[in-house]
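Thanks for making time this morning.

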Amino acid sequence: MKTSNSLKKLYTIVSFIVLIALAFCFVFPLYWIVTGAFKTPVSINSPVPDWIPKELVLDNFKKLFSKQMAPIFEIGFIKGPQAPAAVRWMLNTVFMALAAMILTCITAAMAGYALAKKRFQGRALLFTLIVCAMALPKQVILIPLIREMSSLKLYNTIWAVILPTVGWPFGVFLMKQFSEGIPTEMLEAARIDGASEFKTFTDIVFQMVKPGVGALAIFTFINSWNDYFMQLIMLSSTSNLTISLGIAKLQAENSTDFGLIMAGATLAAAPILIVFITLQKYFTKGITLGAVKG
C-alpha cells in the first residue's frame, strides 16, 4: 500500500515537472518576442542574451508605425484618411479573421445539423466527400481558387481570403459530431408545437452545440489569422496586406532590424491571445464534450 502511494506521489511530481517544462517551452518564445519588441538594438544584437531587459524603449513601435502610410479604409472609390500602414494591416487582419470566423461558424453549424439530423438522398455521399476534402492540401485547389476569385473580381481583396475559408470541411465535420448528440425528441416536440425550422435551429440546436461553436470559432480565427500562404497568394497591394504579410515585407526591407520585426510580431500576437482568453471556456468545454463522446 505504501509502495502504491509512493508511486502515485512520484507520478504526480514527475507529471507536474513535465507540464512546467512544456509550459516554459511554449511561453518562452512569446516572452522573447514581446521583450525583444521593447529592447534597444544594442540589447537585441548583444552576443550575451539579455534575458531580462535593463532598459525598455518604444523606438521599435515608433518605427513600425512610421515606415509607410496607407488609407485607413477603402470602400469602392472612397478612401479614408492616411494612417500608418501597420494600422491598416492590423484592421485588415482583424476584419478578415472575424468575418471568416462568424461566417464559418454559421454555415458549419447549419450544415452539421442538416447532416446529423436530416434524412435526404445522398446524405452519406455528401458527408464522405466532406471528409475526403479534409485530406486535400490547399495547394491542390489553389489554381481553381485563384481563377474563381479573379472571375468574381475579388482577387487582391480581403474577401479573396475570407470566402475560401467559409466552406471549411473540418468545421462541418466538427459541428456534425456535436449535432449528433441533440435528442431527436426535442426536435420533434418543437415541430409539434409549431416552431419553424429557423426557430428550432436558433432556440434549440444552436444552444446545444454552442460549446462546439466556441471551439470552432477559436480554430477558425487562428487558422485565418495564420494562413500566410493563402494571404500571400491572394493579396499584393500594400493597402490590402495583412499584418503577417506586412511583417514579412518589413523583414525583406530591414533584414537586420530584429526589433522592428519583433514589434510587428507582438502586435500580430495580441488579438489571438485576446480571442483565446475570451472564448477559452467554450473551447475547453467543447474539447471535453468531444472527448466524452469519443
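Predicted model: local features only at pLDDT ≥ 70, side-chain atom pairs only at ≥ 80, totals over all residues.

**A walk through the model**

Let me begin with Phe26, which counts as exposed because its relative accessibility is 67%; here buried means under 20% relative accessible area, exposed over 50%, and partly exposed in between, with a 1.4 Å probe and protein chains only. Residues are numbered from 1 along each chain as its sequence is written, and side-chain values use heavy atoms, with hydrogens and water left out.

Phe26 sits in helix 1, residues 2-37, where helices are DSSP runs of H or I with at least four residues, numbered from the N terminus. Phe26 also belongs to a nonpolar surface patch whose members include Leu22, Val27, Tyr31, Trp51 and Ile52, and which has about 1200 Å² of accessible area together. Such a patch is made of residues with over 30% relative accessible area and no salt bridge, nonpolar side chains (Val, Leu, Ile, Met, Phe, Trp, Tyr) being joined within 5 Å, and the areas come from the Shrake-Rupley method with a 1.4 Å probe, only the protein chains shown counting as cover.

Turning to the overall layout, the protein is divided into domain 1 (1-37) and domain 2 (69-291), with bounds that come from an automatic or database domain assignment. The C-alpha centres of domain 1 and domain 2 lie 33 Å apart, and six residues of domain 1 are in contact, meaning heavy atoms within 4.5 Å, with seven residues of domain 2.

What, then, covers the buried residues of helix 7? Those buried residues are Ala160, Val161, Ile162, Thr165 and Val166, in a helix that runs over residues 159-166, and their cover includes helix 4 (85-117), helix 6 (142-151), helix 11 (210-225) and helix 12 (228-234).

Next come two threonines. Thr242 lies in the loop between helix 12 and helix 13 (243-253) and, at 0% relative accessibility, counts as buried. The side chain of Thr242 makes a polar contact of 2.5 Å with the side chain of Gln231, a polar contact being a pair of N or O atoms within 3.5 Å, where within protein one must be able to donate a hydrogen and the other to accept it, and residues adjacent in sequence count only if both atoms are side-chain atoms. Leaving aside residues up to four places away in sequence, Thr242 touches Trp89, Thr93, Met96, Gln231 and Leu235. Thr93, in turn, is placed in helix 4, is buried at 0% relative accessibility, and reaches the backbone nitrogen of Ile243 with its side chain at 2.8 Å.

Finally, the structure holds four salt bridges, each a side-chain nitrogen of Lys or Arg within 4 Å of a carboxyl oxygen of Asp or Glu. In one of them, the side chains of Glu197 and Lys118 meet at 2.9 Å, N to O; since Glu197 lies in helix 10 (residues 197-208) and Lys118 in the loop between helix 4 and helix 5 (123-134), the pair ties together parts that are 79 residues apart in sequence. Another joins Lys54 and Asp50 at 3.7 Å, N to O, where Lys54 is exposed at 77% relative accessibility, whereas Asp50 is buried at 14%.

Note on methods: Patch = residues over 30% accessible without salt bridge, like charges linked within 9 Å, V, L, I, M, F, W, Y side chains within 5 Å.
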